[in-house]
Structures are given as structure tokens and as C-alpha cells.
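Trainee: I would like to learn how to read a fold from its strands, helices and annotated sites. Can we work through a case together?

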Amino acid sequence: MAAYKRVLLKLSGEALMGDDAYGINRTVIESMVRDIAEVVRSGVEMAIVIGGGNIFRGVAGGAAGMDRATADYMGMLATLMNGLALQDAMKHAGLVARVQSALRVDQVAEPYIRPKALRYLEEGKVVIFAAGTGNPFFTTDTAAALRGSEIGAEIVLKATKVDGIYTADPKKDPSSTMYAKISFDEAIARNLQVMDATAFALCRDQRLPIKVFSIFKQGALMRVVRGEDEGTLVHL
Ligand code: UDP
């Protein structure tokens with residue numbers, strides 16, 4: 001039995017990349033979609049905000065001398081490519097998904113329209129939000145906090161490569177341990193980087209909890225949705 005009726009899953013571009021250096025790894029995306037399908041078929045309404053870091057990041061473009069806003073628009077377009085790839089993989093797995101873009105790209109995806117997104121969710125369709133917030137200088141984590149708040153999700157599920165939030169970097173400090181849960185205030189006090197500051201502040205203000213977990217761990221997404229012991233819960 002699922003603990004949530006509606007969730008917002010944040011998938012980073014890196015998650016689609018697997019162990020590759022760049023782009024989209026088909027095997028990885030297919031296995032991820034299998035996990036997502038299991039959750040959706042259990043009756044949980046799911047919206048996804050997809051990142052773009054596996055293709056292009058505005059910060060990198062900016063550092064290389066590009067105009068930052070232009071680079072960020074490129075980053076948003078990268079999320080759109082990932083969104084289409086994810087939708088395609090879902091179709092092959094028998095899931096119905098709709099991509100809604102925060103930037104107008106009418107030939108490839110419909111624009112973000114909140115009531116339409118809500119209707120799709122009620123119909124059991126997966127809604128993939130692409131192009132972030134549609135604004136440069138933001139991230140897809142912030143888009144996740146924003147869309148999660150807009151659609152009334154009960155939780156933001158932040159899928160990462162690590163299985164939760166640790167007291168210190170586990171690669172550098174072998175004695176570090178993972179938090180089962182931590183409050184927003186404590187995460188700030190301890191300077192733990194859960195999400196970027198804008199995203200984190202929005203979740204806290206909107207009283208939207210965050211669960212950080214590994215998308216590469218078999219069955220983890222389902223356990224998270226069931227409210228079982230998995231990953232780290234950031235609560236109020
Ligand atoms: N981006 C943006 N505004 C947004 C969301 C994303 O400008 O609202 C751009 C930004 O350049 C970012 C890139 O899109 O680097 C890809 O998004 P992000 O880095 O959040 O992807 P992830 O780290 O999740 O793969």
C-alpha cells in the first residue's frame with residue numbers, strides 16, 4: 001500500500017547517463033522506467049521533473065565564456081531532449097506519458113498548462129515536466145520544488161546516485177553515516193547540500209518534504225513510495 005497519492009519525482013540528467021560520460025544510456029533508462037511503471041501501476045500519481053546535466057549545464061557554458069542566460073536556455077533545451085527520451089521509453093513499457101514544456105516548442109511537446117497536467121495525473125498518466133522553470137539562472141531542482149508545489153504533490157522524491165544524505169562525504173570519510181531523516185532546519189545548520197538553496201527554501205516554505213534516495217538501487221523507488229525505510233527524509 002502506497003503512503004502517497006501524488007508524488008513529484010526529480011530525475012537528474014546524470015541519472016539517465018548511468019556510467020557513461022555523456023548522453024542517455026538506453027539500458028539505464030529502461031530499468032528506471034520499469035521501476036516507475038511499478039509505482040504508477042500501484043495507483044500512485046506521478047509527475048517527473050527531468051534534468052539536463054548529462055547533455056548541457058548552463059554553469060559550464062558560462063564558465064567557458066558563453067553568455068550565461070544563453071547557456072541556460074541551452075540547458076533547458078537539453079532537459080527537453082531527456083524528456084522526449086523518457087516519454088519514448090515509457091511508451092515502450094506500456095505507460096502513457098505526456099511531456100509539458102516550460103518553453104514553447106509546439107511541434108514536439110505541449111506547453112505547461114497546470115489544469116491539464118492535473119487532469120493527466122488524475123487519469124493515471126505520467127506527466128514529464130521539461131525545460132525546468134522556463135527561466136535562466138534556475139535549476140531543475142527548483143523546477144521540481146515549484147511544480148511539486150503547484151500540483152499539490154505530497155513529497156518531492158529526489159533521485160540521485162547515492163542512497164541518501166550522509167553526515168560527511170562517504171568517499172572522503174569512511175566513518176560517515178546516513179541520516180534516516182533530518183529536518184530542514186538541521187540540514188541548513190549542518191550545511192548539507194540537499195538541493196540548491198532556492199529549491200530547498202521553496203520546499204521548506206511550502207511544507208513539501210523531500211526524500212533523497214538512489215535511483216540505481218533495485219526497488220528503492222517502490223520502497224520510498226510505500227513509506228518504508230529507504231533513503232533520507234527531509235521533514236519540517
Ligand atoms: N536550467 C535553467 N532554468 C531552469 C532549469 C534548468 O536555466 O529552470 C538550465 C541550467 O542551465 C541547468 C540546465 O538547464 O544547468 C540543466 O538543468 P540541471 O542542471 O538542473 O539538470 P540536472 O543537474 O538535474 O541534470
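**Reading the fold**

Trainee: How many bridges join β7 to strand β9, and do they run parallel or antiparallel?

Mentor: The general idea comes first. Strands of a sheet pair through backbone hydrogen bonds, either parallel or antiparallel. Here, 3 bridges join β7 to β9 (residues 232–235), and the two run parallel. Ser 183 faces His 235 of β9. Strands are DSSP E runs of at least two residues, helices are H or I runs of at least four, and both are numbered from the N terminus. Two strands count as paired if DSSP finds at least two bridges between them.

Trainee: What should I know about the model and its numbering?

Mentor: This is a predicted model: local features need pLDDT of at least 70, side-chain atom pairs count only at pLDDT 80 or more, and totals for chains, interfaces and linings use all residues. Residues are numbered from 1 along each chain as its sequence is written.

Trainee: Which strand joins β9 by antiparallel bridges?

Mentor: Strand β8 (residues 210–214) does, through 3 bridges. Lys 211 has Leu 233 of β9 as its bridge partner.

Trainee: In what order do the 9 strands form the sheet?

Mentor: The order is β4-β3-β5-β2-β1-β6-β8-β9-β7, in an open sheet with mixed pairing. The edges belong to β4 (110–111) and β7 (181–183); each has a single partner strand, so one side of each lacks a neighbour in the sheet.

Trainee: Which strand does β3 join by 5 bridges?

Mentor: β3 (residues 97–101) joins β5 (residues 126–130), and they run parallel. Ala 97 stands opposite Val 126 of β5. Helix α4 packs on the sheet, touching β2 (45–50), β3 and β5. Its direction makes about 165° with that of β5. Contact means C-beta atoms, placed from the backbone, within 7 Å. Axes are lines fitted to C-alpha atoms, for helices over the stretch in contact, and angles run from 0 to 180 degrees between N-to-C directions.

Trainee: Which residues come nearest to the ligand?

Mentor: Gly 51, Gly 53, Gly 58, Gly 75 and Gly 132 do, of the 24 residues around the ligand. A residue is near if its C-beta atom, placed from the backbone, lies within 6 Å. The shell divides into 6 nonpolar, 14 polar and 4 charged residues. Nonpolar means Ala, Val, Leu, Ile, Met, Phe, Trp, Tyr, Cys and Pro; charged means Asp, Glu, Lys and Arg; the others, Gly among them, are polar. The largest share, 5 residues, comes from α4.

Trainee: What does UniProt place at residues 5–214?

Mentor: An unreviewed UniProt entry places "domain: Aspartate/glutamate/uridylate kinase" there. UniProt positions follow the numbering used here, feature names are shortened, and annotations may be inferred rather than shown by experiment. The span is 41% helix and 18% strand. Pro 136 lies in the loop between β5 and α6.

How values were computed: Contact = placed C-beta atoms within 7 Å.
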